[in-house]
Amino acid sequence: MLVIVCYDVNTETREGRRRLRRVARVCEGVGQRVQKSVFEFQIDLAKMEELERRLLAEIKPEEDNLRLYRLAESRGCEVREHGVFKATDFDGPLVL
Amino acid sequence: MQTLLNTLYVTTPLSYLHLDNDTVRIEVERETKLRVPLHHLGGIVVFGNVLVSPALMHRLADNGQSLVLLDGNGRFKARLEGPVSGNILLRRAQHEKANDAAFTLEVARACIAGKLRNSRQVLLRGAREAKDAADASVLSRGADDLAAALRALPGAADLDVVRGVEGEAARQYFGCINFIVRTDVREDFSLDGRTRRPPRDRMNALLSFLYAMLMNDCRSALESVGLDPQLGFLHAVRPGRAALALDLMEEFRHQADRLALTLVNRGQVQAGDFTLHEGGGVTLAEQGRKTVVVAWQERKQETLSHPLLEQPVALGLLPQLQARFLARTLRGDMESYLPFLLR
């Protein structure tokens with residue numbers, strides 16, 4: 001299934017900027033960045049739970065904000081993309 | 001049911017594959033071109049001059065994902081694989097059965113029967129779709145020849161006879177497969193029997209390239225169910241030769257043949273996509289190679305209803321399934337090996 005994660009991390013402090021980097025790093029390991037703080041993941045429920053747990057370990061609930069959206073199975077009709085960035089479909093042919 | 005994990009193919013020379021947290025990052029001339037999270041991948045295949053960081057190699061080995069090195073023409077060079085796992089009892093059964101002449105003959109016959117039947121479907125389909133009556137008659141005659149070979153198979157008393165039947169049938173098959181190619185490109189893609197090492201015409205180059213990729217998939221499939229890909233039944237054992245993978249591959253060759261014909265007939269691959277070398281060898285050029293790899297990957301995602309399991313299966317998973325059937329046969333859980341038959 002497709003999971004979308006977006007976050008706001010308070011970067012006013014040095015500590016906050018550090019959290020932002022760490023949150024992004026966790027996301028990059030599992031899915032792909034589609035906008036500055038929006039990630040898409042093609043994962044199952046178990047992986048999603050794990051991802052959520054890892055993200056919760058990084059953020060500070062008093063200052064930051066994290067949202068996870070679960071989208072139904074079939075990918076391709078739920079997302080319409082416009083503009084410069086084109087996401088990679090990890091189920092399609094991966095040839096470079 | 002296991003899912004078909006994707007394979008990452010890197011054909012761009014001088015790309016550098018890095019491990020970046022849990023993703024593969026591909027850089028070309030210091031510019032990141034693609035990032036793929038590792039959990040999407042079953043393996044990575046690189047062509048020719050591509051660099052892979054040691055950290056990534058270690059991670060792939062840890063995860064049990066394979067790294068395959070092919071040369072620029074798609075010929076197999078090496079494979080990096082983690083520790084041999086799988087079931088030693090299964091491998092022992094395989095080695096014991098390989099000494100059992102009756103069993104060996106039966107599996108060899110099944111492989112060839114699968115190959116002949118599926119190849120025959122390629123010819124029959126070609127005959128059905130042929131625009132020209134002369135082409136259609138050549139193709140249906142070829143199909144009849146294969147049918148005759150198929151009937152001769154049960155009477156084959158030993159392996160050499162099976163190999164003889166196969167060789168003769170292959171000669172007839174490659175003698176007429178050319179008539180499926182569209183008339184206006186038939187001259188560019190003329191095929192006068194099968195040639196290899198090196199392929200001497202474009203069609204042979206295309207077939208060799210596709211067979212190399214199919215071979216990799218079959219070998220991975222065998223290894224993932226814990227069989228020894230080197231010890232075959234039909235193909236003789238030779239150092240460095242994945243004989244069992246070649247056995248398993250026989251019943252899937254039609255997939256490569258069909259794809260080659262489709263690519264040529266649709267004009268997706270053209271005469272200019274090949275490099276003609278001095279001395280008569282022909283290879284796919286870089287752009288053509290990419291087209292073929294993409295088409296192969298897309299083809300593997302297509303599903304068909306499996307005749308035995310009666311559920312939809314991705315084409316790319318078929319070698320896995322057949323490898324599992326073979327393992328069951330070796331263990332004695334299944335009475336005889338049934339090749340995959342195209343309906």
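Trainee: Leaving aside neighbours within four places in sequence, which residues is Glu166(B) in contact with?

Mentor: Contact means heavy atoms within 4.5 Å. Here, Glu166(B) touches Ile112(B), Lys115(B) and Glu250(B) in that sense, with neighbours within four places in sequence left aside. This is a predicted model, where local features need pLDDT of at least 70, side-chain atom pairs count only at pLDDT 80 or more, and totals for chains, interfaces and linings use all residues. Residues are numbered from 1 along each chain as its sequence is written, chains are lettered from A and ligands numbered from 1 in the order written, and side-chain values use heavy atoms, without hydrogens and water.

Trainee: Where is Glu166(B) placed?

Mentor: Helices are DSSP runs (H or I, at least four residues), numbered from the N terminus. Glu166(B) lies in helix H5 of chain B, residues 159-176.

Trainee: Is Glu166(B) buried or exposed?

Mentor: Buried means under 20% relative accessible area, exposed over 50%, partly exposed in between (1.4 Å probe, protein chains only). Glu166(B) has 15%, so it counts as buried.

Trainee: And where is His235(B)?

Mentor: His235(B) sits in the loop between helix H6 (202-225) and helix H7 (243-250) of chain B. His235(B) is buried too, at 15%. Its contacts beyond four places in sequence are Arg163(B), Arg241(B), Ala243(B), Leu246(B), Asp247(B) and Glu250(B).

Trainee: Which residues does UniProt list for "binding site"?

Mentor: UniProt annotations may be inferred rather than shown by experiment; feature names are shortened, and positions use the numbering here. The unreviewed entry lists Glu166(B), His235(B) and Glu250(B). They span 85 residues in sequence, yet no two of their C-alpha atoms are more than 11.8 Å apart, so they gather at one spot.

Definitions and conventions
Helix = DSSP H or I, 4+ residues; strand = E, 2+ residues; numbered from the N terminus.
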